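This report describes a structure of two protein chains for a reader who is new to the subject. Please keep the sequence and the 3D view at hand while reading.

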Amino acid sequence: MEHPKEEELIAFHDGDRAGREKLSAHLESCAECRASLEKIEAVFAAMDAIPVPEPGENYGQRVWAAISPRLPEKRPSWWESFFAPRRLVAVGAFATIAIAAFLLGRHWKPGPAPMVENIDTQKVRERILVVAVGDHLSKSEMFLIELSNAGPNSTQGKLVNISAQQHRAEDLLEENRLYRQTALQEGDKVMASTLDELERVLLDVANSPEQVTPARFESIRQRMESRGILFKVRVIQQGLRDRANPAKPQPAPKTQQQQNISKTNHQEGNRA
Amino acid sequence: MNQMTSSVETGLVPDAVAVERTLAGDRDAYRILVERHSQNIYRLAYRMAGNSHDAEEIVQEAFLRGYQKLKQFAGQANFGTWVYRIAANYAIDRIRQRKVEDSRRELPNRESEEGQEIDPLAQIKDSTPSPERLAGSNQLALRMQQALQQLTPAERTAIVMRHWDGCGIEEIATVLKSSTTAAKNTVFRAVQKLRVALEPFAEGRQAVRAMGTE
């Protein structure tokens, strides 16, 4: 074998596999090439001799402190936030409900009169929405109860980890926004206002750090309790349950004529 | 987000999630990425620039550019590799700029790794060092540092990426915006130049070794 070029020796040092065995055999027998390879190795050894000063453990924090004032706020475009993964879950759930309601509305034709069909479709849609919002509220209720019962560790001054509650709050937040907007569109002010208050609690938790001081945790809980949000959620939930499953059909309000008849019957009975 | 939670979050949140959160408008999520990758980028920047001042500037600029271009990242690679590439690119520009600035000065001053100004006249003396002066590893490091400064920005980038960070030729070619063959040749050229620059030193060491054995 001819003497290898310097490039080949550098590639050999770098661990290049091409022609490695041949070159290896040549180096065994050629002192000149071994000396050349040693010179190349000396270059890399000399490079390793260059010290790199340690910038310090908190270097990352210093870099952040230096650049953060220069970072502009990123405002996601409407479609980006719409297609964000968490939102997609809520949008998907909502879309499923809407499609189900639409299909049910199309295929369920109880009567020939278009007016009646329209009323039934509306009822079905409302019912599905009521079930979906009910489900959201019951999840929210669980969340609020957990938050209310969770507390700082007995050790004073230790941070409280609320990461689990935070993830749940973030998930609920997306659904909540959708249902609040729907309630507003439907003109259901009580529902919209309760969902609005619920949203503030959820935001409060979602925007907190994963670990909070006991004092901060207590203030979140106090804000939640002072608004009576858990009670309001339960009231709305009960209202929705009543709408979804009327326990006993309420007697229709009597007309004036019926009342007169009733009165007459009663008087007649007394007479008898 | 406060400073108290920084280490907790930095340790827990994966890069991809931090990128997603940043893109969704949570600027503080970018802090996680900055804190996690700063040290690594600093090492690259220092080896490329040869001094702390320029290295710190390269690190900051790399993260600023990373933030501005984050949409382009879109999970195409590991965030660390991506921002490393940005830093290497910026370092090339910075070194070129520094060379122009230095050439405009009558007596260019450069910082040594200890932050002390190096007298340009001393550098001339350094080019013909006696074996005794170069015997220690500090001198070797200084000599090597100077030899690296003599490389072109592309050569310096190629050798730093190849040797210290174990980057593949394709990765180097991406940063240099060249073909893989050209990138490979750039690495070879860099090693050749360094070998030639260290030749007097190697001879000096041999002489010292010979003196010691005699």
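## Overview of the two chains

In chain A, buried residues make up 19% of the 272 residues; a residue is buried if 20 or more other C-beta atoms lie within 10 Å of its own, exposed if 12 or fewer, and partly exposed in between, with C-beta atoms placed from the backbone. Of the 214 residues of chain B, 37% count as buried. The model is predicted: local features need pLDDT of at least 70 and side-chain atom pairs count only at pLDDT 80 or more, whereas totals for chains, interfaces and linings use all residues. Residues are numbered from 1 along each chain as its sequence is written, while chains are lettered from A and ligands numbered from 1 in the order in which they are written.

Chain A contains 12 helices and two strands; helices (H or I, at least four residues) and strands (E, at least two) are DSSP runs, numbered from the N terminus. The order of elements in chain A, from the N terminus on, is α-α-α-α-α-α-α-β-α-α-β-α-α-α. Chain B has 11 helices and two strands, and its elements follow the order α-α-α-α-α-α-β-β-α-α-α-α-α from the N terminus on.

Two residues are in contact if their C-beta atoms, placed from the backbone, lie within 7 Å. Among the contacts in chain A with a separation of 6 or more, 70% join residues 24 or more positions apart. In chain B, the corresponding share is 62%.

## Helix 4 of chain B and its surroundings

Helix 4 of chain B covers residues 52-68, which is 17 residues. The expected span of a helix is 1.5 Å times one less than its number of residues. For helix 4 of chain B this gives 24 Å, and the end C-alpha atoms are 24 Å apart, which agrees.

The buried residues of this helix are Ala55(B), Glu56(B), Ile58(B), Val59(B), Gln60(B), Ala62(B), Phe63(B), Gly66(B) and Tyr67(B). What covers them includes helix 4 (59-67) of chain A, as well as helix 3 (29-49), helix 5 (70-73) and helix 6 (79-104) of chain B.

## How the helices pack

Two packed helices are described by the angle between their axes and the distance between the axes. Axes are lines fitted to C-alpha atoms, for helices over the stretch in contact, and angles run from 0 to 180 degrees between N-to-C directions. The axes of helix 4 and helix 6 of chain B come within 9 Å and cross at roughly 130°. These two helices are therefore oblique to each other; angles under 35 degrees count as roughly parallel, over 145 as roughly antiparallel, 65 to 115 as roughly perpendicular and the rest as oblique. Residues of helix 4 of chain B that take part include Ile58(B), Val59(B) and Ala62(B), and those of helix 6 of chain B include Val83(B), Ala87(B) and Tyr90(B).

Between the chains, helix 4 of chain A and helix 4 of chain B pack at an angle of about 65°, with their axes 10 Å apart. Here Val63(A), Ala66(A) and Ile67(A) meet Val59(B), Gln60(B), Phe63(B) and Leu64(B).

Helix 9 (residues 153-164) and helix 10 of chain B have axes that come within 10 Å and cross at roughly 150°, and they are therefore roughly antiparallel to each other. Ala154(B), Thr157(B), Ala158(B), Met161(B) and Arg162(B) in helix 9 meet Glu171(B), Ile172(B), Val175(B) and Leu176(B) in helix 10.

## The nonpolar cores

A nonpolar core is a set of buried Ala, Val, Leu, Ile, Met, Phe, Trp, Tyr and Cys residues joined through C-beta atoms within 7 Å. The largest one has 64 residues, of which Ala45(B), Val59(B) and Ala87(B) touch the most other members. Helix 3 of chain B gives the largest share of this core, 12 residues. Apart from it lies another core, of 27 residues, among them Phe143(A), Val201(A), Val205(A) and Ile229(A).

Which residues does Ala87(B) touch, not counting residues up to four places away in sequence? They are Ile41(B), Leu44(B), Ala45(B), Ile58(B), Val59(B) and Ala62(B).

Asp93(B) is found in helix 6 of chain B. Asp93(B) is exposed, because 12 other C-beta atoms lie within 10 Å.

Lys177(B) is found in the loop between helix 10 (169-176) and helix 11 (180-213) of chain B, and is exposed, with 11 other C-beta atoms within 10 Å. Most residues other than glycine have a negative phi. Phi of Lys177(B), however, is near 55°, a positive value.
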